[in-house]
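Me: I'm new to this one. Can you walk me through it?
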Amino acid sequence: MKIPFLAGASALLLSACATIPAALPETEALERVAAQSGPYRALGYQSPFAGFEPHEPTGPAPWRGVNDAQVGDN
C-alpha cells in the first residue's frame, strides 16, 4: 500500500516542479467553416421509406399445405 502511494505522490511532486506546461493544440483552424470550392450539386432529401409497401400478416395456415407449396417451388 505504501509503494503505490509513494509512486503517486512522487508523480504529483515532479509534475508540480515542471517549469513549462505542455502547449495546447491549435484549434482555430478546426473552428473555421470549410468553404465549398468545387462544382457540387445540392443533395435533396430522400425518404428511406419512399418505396415501402406495407404488408399485413395473413394469419396461420395449415402446415401441410405450406410445406407442399414450398416443395413445389423448388
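Reply: Accessible areas come from the Shrake-Rupley method with a 1.4 Å probe, and for residues only the protein chains shown count as cover. By that method the protein chain has an accessible surface of about 8100 Å². Carbon and sulfur atoms hold 63% of that surface.

Me: What kind of model is it?
Reply: This is a predicted model; local features need pLDDT of at least 70, side-chain atom pairs count only at pLDDT 80 or more, and totals for chains, interfaces and linings use all residues. Residues are numbered from 1 along each chain as its sequence is written, and side-chain values use heavy atoms, with hydrogens and water left out.

Me: What is the mean pLDDT of the protein chain?
Reply: The mean is 79, and 85% of the residues reach 70 or more. pLDDT is the predictor's confidence in each residue, from 0 to 100.

Me: How many helices and strands?
Reply: Three helices and zero strands, in the order α-α-α. Both are DSSP runs, numbered from the N terminus: helices (H or I, at least four residues) and strands (E, at least two).

Me: Where is confidence lowest and highest?
Reply: Lowest in helix α2 (residues 28–31), with a mean of 72, and highest in α1, at 84.

Me: Is α1 in the open or buried?
Reply: Zero of its 15 residues are buried, so α1 lies largely in the open. Buried means under 20% relative accessible area, exposed over 50%, partly exposed in between (1.4 Å probe, protein chains only).
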